[in-house]
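Here are my notes for you, written as numbered points. Keep the picture open while you read, and look up each residue as it comes along.

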Amino acid sequence: MNADDLNFDDIPAFANLPPLDPWRKIRRELLSHINKSRHEEHGQLQDVFPDNIAQIAAQEYARFVLDDEEDEDKLAQFLKNCGTSGEPVNCTVVLNLEDDITDPKMLVE
């Protein structure tokens, strides 16, 4: 755990809350660098924002893809089960998970 992380374990007022999602910081960093990259390469593009409901479906689909091949029908099923609306755009991010990478922009290809 980093020094910047808040620890609510010892505060009784927060005892009934679910644990924080460990992927939240990773998603935030990825979106930040995707948006920065979009602005650098294309100028006036709007930022990409997270969809909290679609994130649930995306996590279920990611677990599915770990064991199986990618399947657009399965993705559509996960999205429907979570109650999302609209037409999804599937985006795959490739990460270089190296210990010595210091520039976070290098994580997004």
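This is a predicted model: local features need pLDDT of at least 70, side-chain atom pairs count only at pLDDT 80 or more; totals for chains, interfaces and linings use all residues.

1. Let us begin with a term: buried means under 20% relative accessible area, exposed means over 50%, and partly exposed is in between (1.4 Å probe, protein chains only). Val 65 has a relative accessible area of 26%, so Val 65 is partly exposed.

2. Residues are numbered from 1 along each chain as its sequence is written, and side-chain values use heavy atoms, with hydrogens and water left out.

3. How many helices and strands does the chain have? The chain holds three helices and zero strands, in the order α-α-α from the N terminus. Helices (H or I, at least four residues) and strands (E, at least two) are DSSP runs, numbered from the N terminus.

4. Now the chain as a whole. Of its 109 residues, 12% are buried. The accessible surface is about 9,400 Å², and carbon and sulfur atoms hold 53% of that; such areas come from the Shrake-Rupley method with a 1.4 Å probe, and for residues only the protein chains shown count as cover.

5. Is Gln 55 buried or exposed? Gln 55 is buried because its relative accessible area is 17%. This residue of helix α2 is in contact (heavy atoms within 4.5 Å) with Arg 27 and Pro 50, leaving aside neighbours within four places in sequence.

6. Next, two surface patches. Patches are made of residues with over 30% relative accessible area and no salt bridge, joining like charges within 9 Å and nonpolar side chains (Val, Leu, Ile, Met, Phe, Trp, Tyr) within 5 Å. A salt bridge is a side-chain nitrogen of Lys or Arg within 4 Å of a carboxyl oxygen of Asp or Glu.

7. Phe 8, Ile 11, Phe 14, Leu 17 and Leu 20 make a nonpolar patch of about 420 Å². Leu 17 belongs to the segment before α1 (24-42) and, at 49% relative accessibility, is partly exposed.

8. Asp 67, Asp 68, Glu 69, Glu 70, Asp 71, Glu 72 and Asp 73 form a negative patch. Lys and Arg count as positive and Asp and Glu as negative, while His and the chain ends are not counted; a charge is placed at NZ of Lys, CZ of Arg, CG of Asp or CD of Glu. Glu 70 lies in the loop between α2 (52-67) and α3 (72-82), and its relative accessible area of 52% makes Glu 70 exposed.
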